2 protein chains.
Amino acid sequence: MDAPTPRTQIRRHPERGAYDLEVVRAILDEALICHLAYVADGGSPRVIPTIHTRIDDTLYLHGSAASRTMRAATAGLEVAVVATIVDGLVLARSAAKHSMNYRSVVVYGIARQVTDPGERLEVARSIVEHVVPGRSEHVRMPNDSENRETTMLAVTLTEASAKIRTGPPIDDEGDLASAVWAGVVPVSLATGVPEPDGEPRDLPEHVATYRRPGGTP
Amino acid sequence: MDAPTPRTQIRRHPERGAYDLEVVRAILDEALICHLAYVADGGSPRVIPTIHTRIDDTLYLHGSAASRTMRAATAGLEVAVVATIVDGLVLARSAAKHSMNYRSVVVYGIARQVTDPGERLEVARSIVEHVVPGRSEHVRMPNDSENRETTMLAVTLTEASAKIRTGPPIDDEGDLASAVWAGVVPVSLATGVPEPDGEPRDLPEHVATYRRPGGTP
């Protein structure tokens, strides 16, 4: 990862910025989904939620080959991708000092289309593993028709930054005597009881023990 | 809300599209945060996570007046805002048919700066209520200096659409005999044990009973 560029340099609360590739990787890996922004023909912004995965220092996204986003991407689309994990609600004694504890990553780059069959297979496997580790070996990998229907995009992590807030609210001195409770309410992604589809099958280990990182059952 | 425009019309999986304002409102209200995309000077995309709130048919965002986003917005910024709630992991018998159950809303529009003191106070209150219902009456509202430091943006819900996926995986006929477990793993935002800051205060009802909609303790 290169040094911060004007757009990855964290200016607001610079103490929350992180340019360490290890930090960026860990946040991308833990975030279940990300949001992909780009500029449409005519110059207006677009943004969509999408699943992603990371292999080494490349971020991969995929989508239907028929979608507007993926068709736009055939020309080498400039993208901004953000992944955000909310860790807690920061409840302060004044409205303005309320905040969130969070970890986010923004990646800028020109999306490359992934066409090599070997790389595509690796990405398909990695996307399944990103969502449910241990599952990819049990499921059928994409066939030719599914490959044709799916566009995969790659963005290298050369221009990326993380932003992290942790800790309690930071109230004004004059508010500390307030009678209101202040502090942090942790939040995390909990998994519920798996709902089987079709004929009963034994619940495999990778589903039975499934938890999001930091998540609760 | 107007009829779907070319960019709000859901083309991929049109059966997942919803243009009903009630649906759009409910998703915006339940989503804890959203992501704001815009086009920077020079034409490249930007996207940031941010807290929002909705009052009637207006979506409000706020941020530091010193931030690049908020400074860009002073000129009447064209924005795309997306709010996404993930409800479940859809685990299919083939890699390509994996999906997520989710509810998302995209809103397009020109952001208006909120300058009226009465409207700003209402927005400050509403943002606190969006995150923790019942809290706004207990906390100090913004003073002049906090007001100067905070830019508030308003986007009307005239060009908005929702996209919703529910239900089990939709596997290929030929994969149904697969030995692998398939189905949905529900996910929701769980709240942990509140971590008090500073001198002990009684845990108020609005914190003690706090749950995200559909969330678990």
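Two residues are in contact if their C-beta atoms, placed from the backbone, lie within 7 Å. Keep that rule in hand as you look at this predicted model, in which local features need pLDDT of at least 70, side-chain atom pairs count only at pLDDT 80 or more, and totals for chains, interfaces and linings use all residues. Residues are numbered from 1 along each chain as its sequence is written, while chains are lettered from A and ligands numbered from 1 in the order in which they are written.

**Chain A at a glance**

- Chain A holds 5 helices and 11 strands; helices (H or I, at least four residues) and strands (E, at least two) are DSSP runs, numbered from the N terminus.
- The C-alpha trace of chain A spans about 65 × 50 × 30 Å along its principal axes.
- Of the 217 residues in chain A, 41% are buried. A residue is buried if 20 or more other C-beta atoms lie within 10 Å of its own, exposed if 12 or fewer, and partly exposed in between, with C-beta atoms placed from the backbone.
- Take the contacts in chain A between residues at least 6 apart in sequence: 72% of them join residues at least 24 apart.

**Where the two chains meet**

- Chain B brings 81 residues to the contact, and chain A brings 80 residues.
- On the side of chain B that touches chain A, at least two residues each come from β2 (33-39), β3 (45-55), β5 (78-91), β6 (99-110), α3 (117-131), β10 (183-191) and β11 (195-196) of chain B.
- β10(B) gives the largest share of that side, with 9 residues.
- Sorted by class, the side of chain B that touches chain A has 48 nonpolar, 18 polar and 15 charged residues. Here Ala, Val, Leu, Ile, Met, Phe, Trp, Tyr, Cys and Pro count as nonpolar, Asp, Glu, Lys and Arg as charged, and the others, Gly among them, as polar.
- Strand β11 (residues 195-196) of chain A is joined to β10(B) by 2 bridges, and the two run antiparallel; strands pair if DSSP finds at least two bridges between them.
- Within β10(B), V184(B) is the residue that stands opposite E195(A).

**How the copies are related**

**A closer look at α3(B)**

- α3(B) has 15 residues and reaches 22 Å from its first C-alpha to its last, close to the 21 Å expected at 1.5 Å a residue; the expected span is 1.5 Å times one less than the number of residues.
- The buried residues in α3(B) include V123(B), A124(B), I127(B), V128(B), H130(B) and V131(B). They cover an arc of only 160° around the axis, so they sit on the same side of α3(B); the arc is that of the directions from the helix axis to the C-beta atoms.
- An α-helix has 3.6 residues a turn, so residues three or four places apart point the same way.
- The cover over the buried residues of α3(B) includes β5 (78-91) of chain A, together with β3, β4 and β8 (150-156) of chain B.

- D56(A) has a positive phi of about 50° although it is not a glycine, and D56(A) lies in the loop between β3 (45-55) and β4 (58-64) of chain A.
- D56(A) counts as exposed, with 7 C-beta neighbours inside 10 Å.
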